[in-house]
Structures are given as C-alpha cells and as structure tokens.
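I opened this structure today and kept notes as I went. Here is what I looked up, entry by entry.

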Amino acid sequence: MPSSEMAVMGKTIMILRLTGRVLHDAVSFIVFSLLDILDLILCFAFKAVDFIIEAEWKPCYCTSAKEVITSSGKIFVSEQVSEISRSTVNELKRFKVEDKSSTVTVQSSEKNIKKGTTRSTFTVNSTIVGMLRGKIGGQQLYPIPRWSDCDCKFCTSWTTSSKETLFVRAEGPRDKAKEDVLFVHGFISSSAFWTETLFPNFSNAAKSTYRLFAIDLLGFGRSPKPADSLYTLREHLDMIEQSVLEPYKVKSFHIVAHSLGCILALALAVKHPGSVKTLTLLAPPYYKVPKGVQATQHVMKQVAPRRVWPLITFGASIACWYEHITRAVCLVLSKNHRLWEFLTKLVTRNRMRTFLIEGFFCHTHNAAWHTLHNIICGTGSRLDGYLDSVRDHLKCDVNIFHGRNDELIPVECSYNVQQKVPRAKVKVIDGEDHITIVVNRQKVFARELEEIWRGGDRVVN
C-alpha cells in the first residue's frame, strides 16, 4: 500500500476516534445530567415514604453531595469519623448541633506534642452528626431491617445471634492446623466468592495443614448490617479481629484478598506486621495520587469517571455518585434477591450457580454506600503509607494477580503497588477480568496459592 494511502487511512482513523470520543463525552454529559435530576426526585420520594412508614426520614448527603465529593471530602473522613464515633463520642454531647453542619474541635495529638496546646478543627457533615446521635443516645435510629432492605432469614440471620460478630466460614483441622489463612472478599460480594470456588479445590494436604477462614465483611452476606454504622476502615478491621483473630487465637496467618478487600488486607497487615506470612492481592485498587491533588477526589474520578462506557464503568459511576438511585437499585434487586435467584435458576434450568448473585445482592444500601466511599475512596491518602510499611517493616512475600481484561480496576493499579513494594510479584492473567480471575480458574489458582503459602512458610522458618 502506497505511503500516501496509509497516511490518509491513519488520519481517517484518528478523526473517527476523535469523533467517537466527542460523541461519548456528549452522551455521558446528557445521561448524567438526567441522572442528577432523577436522584433529586428520588431524594424527596424516599423522604416521603420513609416518613410514612418509619415516622421519620433518614438524613442524606444529597444537599451537599456535589460539594462534598468534588472538594472537601467531608463524607470520606473515615478515620476522623471513626475517632469520633468510638473515642470521643461522649464529647459530642457538649456541642450544639446545627441543622446544616457542625464544626467539631478535637485535640490533635501530634500537634500537641510539637506545639503544646495547638488545636485542630474539621467539619463533620450534618448527616454524620445525625447518625452519631444514635450512638450517643444508645438507641438504634432506624429499624432493622429498614422497609427498603431485605428481611429474609438469610439476610437477617445475624439479628438472632447473641454475638455481634462477622459470619465466618472456617474449614480445616481445629487442633492440628499448622497455619491459618484469611480470605477477604471485595465490594458487594461475600465469603461464597472463596468457599464456592477455591475451598473445594484445595488439595487434601492443604486442607489438613491450613485452617481456612472466609468472612462476610460487615454489612454484607450473613454478617451484621447495623443501620447506624458508617462502615469505616476501623469498624471493618475491628470486626475482623473480633470475629477471627481473637476467638480462633490466630497468631500468624496468610492473607488472600480481592479488590476492595486488598485495602483491608494492607491495613490489617500493617496493624499486625509480625503475624502476616504472605500477602496475596487480586486486583488491588491502588491509584497513584499526584502531589497537590486531593486524594479522595482523585480516586473518585478514577473509579467513577461519569462515563456511560464501558458498562462496568457506568455502573461504578452510578454507585459512587447517586445515593438515592443506588438505594432504588437495592430496593429492586437486593430486597428481592430470592426472586432473582429463582428466575436465574429457572432460565438457566438450574445450570448456573448463584453464589455470585448471593454476594451481589445480599447487602444493605447503607453498608454498600458507606463502605464504597469510606474504604475505596476514603483511604486514597493512606495507601501510600500502608505500602511503605509493607515494604520497610514486613518481611512477608507479596504476590499480585490481575486479569488483563479487567475493566473495573486497571492492570496499572497492580504495577503501581509493585513500584511501591519492589519485591511484590505481579502476574497478569490473559483473557480474565475482575471476577473470572478466580471463578474461571479456581483449580489453577488453588494450586498457585498453596505454592505461595509453602514459600512463605520457608521464608519465615
């Protein structure tokens, strides 16, 4: 082909790509503008229904959501809010709470050490203050479950237990186990992501050597779903410790985590640096934050760029930006998950295993909304510190797996982790995506994990 024709073809392709990008941006702008309006309408609709059914309406973030998400990051102060809700909640009784927002003054320990009596302030969104009122008064603000949540036995099984601990699926020898392994699932998932795929495929030798613990995170699956929780990083970590590490007397362990669970795994590893033998991360959502850029805002733009394509990005954008639309989705899907499971089995003639549906649907909107924002988005400024600690203070092996076709978390995120922790080994799996990296290759991955654990045992010994 003559060079002139190739040049013309190259220009044509470039023009088509540019045209497609412009059209995509235009369609995205129109669609999300309409969704903005729909979310506002649903805000008033839910307030009305909440008031009719529950005699009060739940505070929401929509009045200041756009400002919060794009500038100040008020609803993403997971560690600050955690400190208030646990350590200084009694101090809130002294403050007069205004309708719009409250400014709470707290002692900054670091500044106190350096400057004596220096005090720091931060603004807490009125919605958070409203939730903390329930903690102060010692009562539950909203019924469990709420009218828009599922009330089936599976989803509310935790309400009949005397212990408020996570659901834990434990397998392996009770007394003769040599090692322990903790499995942490990702966003809107459950322990079944591991127990239905990997657990049946581990070798007999592994099953007789390791105690395997797969948990349902706080707010998901069969674990507690408290209506007044903010689902902060500290709350998730505390529940893991209280449900697994303490009752099972786990002293040293391997961690296997997927997606959002990777953030919890890193935080747990940093908190227990001498106990973690190996760290295996699948599709870790680590986005490098440029200097001078607000971390939460940057991660938000990466995870939810307000684009209609690809579809998984469109779904993530809706989940991140629209509180009331996502509540409506939960009302239709999560509250009626038994119906969707039945229809799936009917259509596929019971050929499709529904454990993924169980994990995707069995949660409350409150749990999903706050976990997404406080863990994935809210820890954007903390992950660098976690990875630095793993690099400098932990001796464990770090292995990372990522599907090359993952459209939710880009492969670049795994290489970002490797740049922070040079000893980390990254394996990119061709033809697999965010879910099939495990689901389509459970036998192979089970063998890979066993090899990783054996190597970790040799390093420690």
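**Entry 1: the sheet**

I began with a bridge: phenylalanine 253 has its partner, valine 276, in strand β7. A caution before I go on: this is a predicted model. Strand β7 covers residues 276–282, and five bridges join β6 to β7. The two run parallel.

Next I looked at the other neighbour of β6. Strand β4, residues 179–184, pairs with β6 over five bridges, also in the parallel sense.

As background, strands of a sheet pair through backbone hydrogen bonds, either parallel or antiparallel.

I then followed the sheet to β9. Strand β8 spans residues 397–403 and is joined to β9 by five bridges. These two strands run parallel. Isoleucine 400 has valine 426 in β9 as its bridge partner.

**Entry 2: cover on β6**

Is strand β6 mostly covered or mostly open? Six of its six residues, 253–258, are buried, and I noted the strand as mostly covered. I checked each face in turn. Phe253, Ile255 and Ala257 are buried on one side. His254, Val256 and His258 are buried on the other. Both faces of β6 are therefore covered.

**Entry 3: salt bridges**

How many salt bridges does the structure hold? I found 18. Side chains of opposite charge can pair when their charged atoms come close.

Aspartate 180 forms a salt bridge with arginine 211, with the closest N and O atoms 2.7 Å apart. Aspartate 180 lies in strand β4 and arginine 211 in strand β5 (residues 210–215), so the pair ties together parts that are 31 residues apart in sequence. Aspartate 180 counts as buried, at 8% relative accessibility. Arginine 211 is buried too, at 14%.

Then I turned to glutamate 171 and arginine 169. They form a salt bridge whose closest N and O atoms are 2.8 Å apart. Glutamate 171 is partly exposed, with a relative accessible area of 26%. Arginine 169 is also partly exposed, at 33%.

My last pair was arginine 327 with aspartate 50. Their closest N and O atoms are 2.9 Å apart. The pair links distant parts of the chain: arginine 327 is in helix α13, aspartate 50 is in helix α1 (residues 3–54), and 277 residues separate them. Both arginine 327 and aspartate 50 are buried.

Is threonine 326 buried or exposed? At 10% relative accessibility, I had to count threonine 326 as buried. I also checked its distance to histidine 365.

Helix α16 covers residues 365–377. I counted 13 residues in α16. From first C-alpha to last, α16 reaches 17 Å, close to the 18 Å expected. Why did I note α16 as largely enclosed by the rest of the structure? Because 13 of its 13 residues are buried.

**Entry 4: a nonpolar patch**

Val332, Leu339, Trp340, Phe342, Leu343, Leu346 and Val347 make a nonpolar patch of about 660 Å². Which helix gives the patch its largest share? Helix α14, residues 337–347, contributes six residues. In an α-helix there are 3.6 residues a turn, so residues three or four places apart point the same way.

I looked up one patch member on its own. Valine 347 is found in helix α14. Valine 347 counts as exposed because its relative accessibility is 67%, and the cut-off for exposed is over 50%.

Methods:
Residues numbered from 1 in each chain as written. Predicted model: local features only at pLDDT ≥ 70, side-chain atom pairs only at ≥ 80, totals over all residues. Heavy atoms only, no water. Patch = residues over 30% accessible without salt bridge, like charges linked within 9 Å, V, L, I, M, F, W, Y side chains within 5 Å. Areas by Shrake-Rupley, 256 points an atom, 1.4 Å probe, with all protein chains shown as cover. Salt bridge = Lys/Arg side-chain N within 4 Å of Asp/Glu carboxyl O. Helix = DSSP H or I, 4+ residues; strand = E, 2+ residues; numbered from the N terminus. Buried < 20%, exposed > 50% of the residue type's maximum accessible area, 1.4 Å probe, protein only. Expected span 1.5 Å × (residues − 1). Pairing = 2+ DSSP bridges.
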